[in-house]
Amino acid sequence: MKVLKVDHIGIAVKNLDETLKFYTEALGLELHGTETVEEQKVKVAFLPVGDTEVELLESTSPDGPIAKFIEKKGEGIQHVAFKVENIEEAIEYMKEKGFRMIDEKPRYGAGGAKIAFMHPKSSHGVLVELSERQ
């Protein structure tokens, strides 16, 4: 498995429009669009920073994973995503090394990525996303 870069940092937020004001007005980042990922019950805003990205994540449902995260931990960093060359190989590599995967097969992620999450208990409390995108 080869990690190419930090692909993005996912930040759970209660109100996307309100939060965007901080990132665009205070930090001067440029919004490169939003996308709703029905499968994950989330609306995502993309804010590139150099060769990586900040993704703001707002739940579209009270029972979605982002809503549950905020309820338990409050707003903040929800996951760190690493871009890999081949998602299927990366998943198999992690499993062979004994790391627990939430996703044993890739699923659709925002921005057209194929993604898989590792269980935080296998990555010292950090929700790690493996991401492959063209």
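Predicted model: local features only at pLDDT ≥ 70, side-chain atom pairs only at ≥ 80, totals over all residues.
Colleague: Which strand pairs with β1 in the antiparallel sense?
Modeller: β1 spans residues 3-13. With β4, β1 pairs in the parallel sense over five bridges, and there Val13 has Glu58 as its bridge partner. The antiparallel pairing of β1 runs over eight bridges, and its partner strand is β5.

Colleague: What is the bridge partner of Phe82 in β8?
Modeller: Phe82 belongs to β5, where it is the bridge partner of Val6. β5 is also joined to β8 by four bridges, and these two strands run parallel. In β8, the partner of Phe82 is Leu130.

Colleague: Are the residues of β8 that point either way buried or exposed?
Modeller: β8 covers residues 128-132 and pairs with β7 in the antiparallel sense over four bridges. Val128, Leu130 and Glu132 point one way from β8, while Glu129 and Ser131 point the other way. Buried means under 20% relative accessible area. Five of the five residues of β8 are buried.

Colleague: Which element gives the most to the lining of the largest pocket?
Modeller: The lining has 30 residues, with Pro65, Phe69, Gln78, Phe117 and Leu127 nearest the centre of the pocket. β3, β4, α2, β5 and β7 each supply at least two lining residues. With six residues, the element that gives the most is α2.

Colleague: How many residues of that lining are nonpolar?
Modeller: The pocket holds about 720 Å³ of space. Its lining includes six polar and seven charged residues. The nonpolar residues number 17.

Terms used
Residues numbered from 1 in each chain as written. Heavy atoms only, no water. 1 Å grid on protein atoms, 1.4 Å probe; cavity = no way out; pocket = protein on both sides within 12 Å on 5 of 7 lines; lining within 4 Å. Points joined across faces, edges and corners; volume = space filled by probe spheres on them. Nonpolar A, V, L, I, M, F, W, Y, C, P; charged D, E, K, R; others polar. Pairing = 2+ DSSP bridges. Buried < 20%, exposed > 50% of the residue type's maximum accessible area, 1.4 Å probe, protein only.
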